[in-house]
Amino acid sequence: MTFEIAKKEDLGFVLAIGKDRILHWPLTYKDLCFYLQDNDIGLFKLVLDNSIIGYIILRYELDEAEIDEIAISRQHEGKGIGTYLLEKALQNLKTRNFKKIYLEVRKKNLRAIRLYEKNGFKPYRIRKNYYGDDDAICYLREL
């Protein structure tokens, strides 16, 4: 598996995974194109056997980052690939001297919560009804 910066030709695959895996996914192809040009956003892909099987979108501000999205294709879930993708993203941020990383997740998304907590993220706040039908748990990890 390889962890790489996504390119414009990858966006169709990212779009397909996002639409399938992220509840109420709002992003468009145009949004993803903008992300590739924005220095404050990192869009990375995970490739296995020449196929994109996951992605992560990171937002940067000074020495802090935020996970905006992380998704693994349905056929590859439950195999530790989400953990691998998250570890690669964290290594990337550490080498670039980021100090903290934040994220928020639906309270009902138990699989994602297990992933984040297993990887050292600590909850620090609840946003009531943030998603309308669900609360958001906000997490932080020192790098």
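Colleague: By class, what residues does the lining of the largest pocket have?

Modeller: There are 18 nonpolar, 7 polar and 13 charged residues in that lining. Nonpolar here means Ala, Val, Leu, Ile, Met, Phe, Trp, Tyr, Cys and Pro, charged means Asp, Glu, Lys and Arg, and the others, Gly among them, are polar. Bear in mind that this is a predicted model: local features need pLDDT of at least 70 and side-chain atom pairs count only at 80 or more, while totals for chains, interfaces and linings use all residues. Residues are numbered from 1 along each chain as its sequence is written, and side-chain values use heavy atoms, with hydrogens and water left out.

Colleague: Which residues lie nearest the centre of the largest pocket?

Modeller: Out of 38 lining residues, those are I22, I70, N109, A112 and Y116. A pocket is an open set of points on a 1 Å grid over the protein atoms alone where a 1.4 Å probe fits, with protein on both sides within 12 Å along at least five of seven lines, and lining residues have an atom within 4 Å of a point.

Colleague: And which element gives the largest share of that lining?

Modeller: That's β4, with 7 residues. The elements giving two or more are α1 (11-21), β4 (64-72), α3 (81-95), β5 (100-106) and α4 (110-118). Helices (H or I, at least four residues) and strands (E, at least two) are DSSP runs, numbered from the N terminus.

Colleague: How much space lies in the largest pocket?

Modeller: About 1,100 Å³. The second largest pocket has about 150 Å³.

Modeller: β2 does, with 4 residues. Both α2 (29-37) and β2 (41-48) supply at least two.

Colleague: Switching to α4. Which of its residues are buried?

Modeller: A112, I113, L115 and Y116 are. Buried means under 20% relative accessible area, exposed over 50%, and partly exposed in between (1.4 Å probe, protein chains only). Seen down the axis of α4, those buried residues fall within an arc of 160°, so they line one face of the helix. The arc is taken from the directions from the helix axis to the C-beta atoms.

Colleague: What's on the face turned away from the buried side?

Modeller: The exposed residues L110, R114 and K118. The buried residues of α4, in turn, pack against β4, α3, β5 and β7 (136-142), where contact means heavy atoms within 4.5 Å.

Colleague: What comes just after α4?

Modeller: G120, which takes a positive phi of about 90°.

Colleague: How many aromatic pairs does a search of the whole structure find?

Modeller: It finds 6. Rings of Phe, Tyr and Trp (its six-membered ring) pair if their centres lie within 6.5 Å; planes under 30 degrees apart count as stacked, over 60 as edge-to-face and the rest as tilted. One of the pairs is Y60 and F98, with centres 5.2 Å apart and planes at 35°, so that pair is tilted.

Colleague: Are Y60 and F98 buried or exposed?

Modeller: Both Y60 and F98 are buried.

Colleague: Why is the pair of Y116 and Y139 tilted?

Modeller: Because their planes are at 50°, with the ring centres 6.4 Å apart. Y116 lies in helix α4 and Y139 in strand β7, so the pair ties together parts that are 23 residues apart in sequence.

Colleague: Which residues do ring pairs link into a cluster with Y116?

Modeller: F121 and Y139. Y139 is buried, with a relative accessible area of 1%.

Notes:
Grid points are joined across faces, edges and corners, and a volume is the space filled by probe spheres set on the points.
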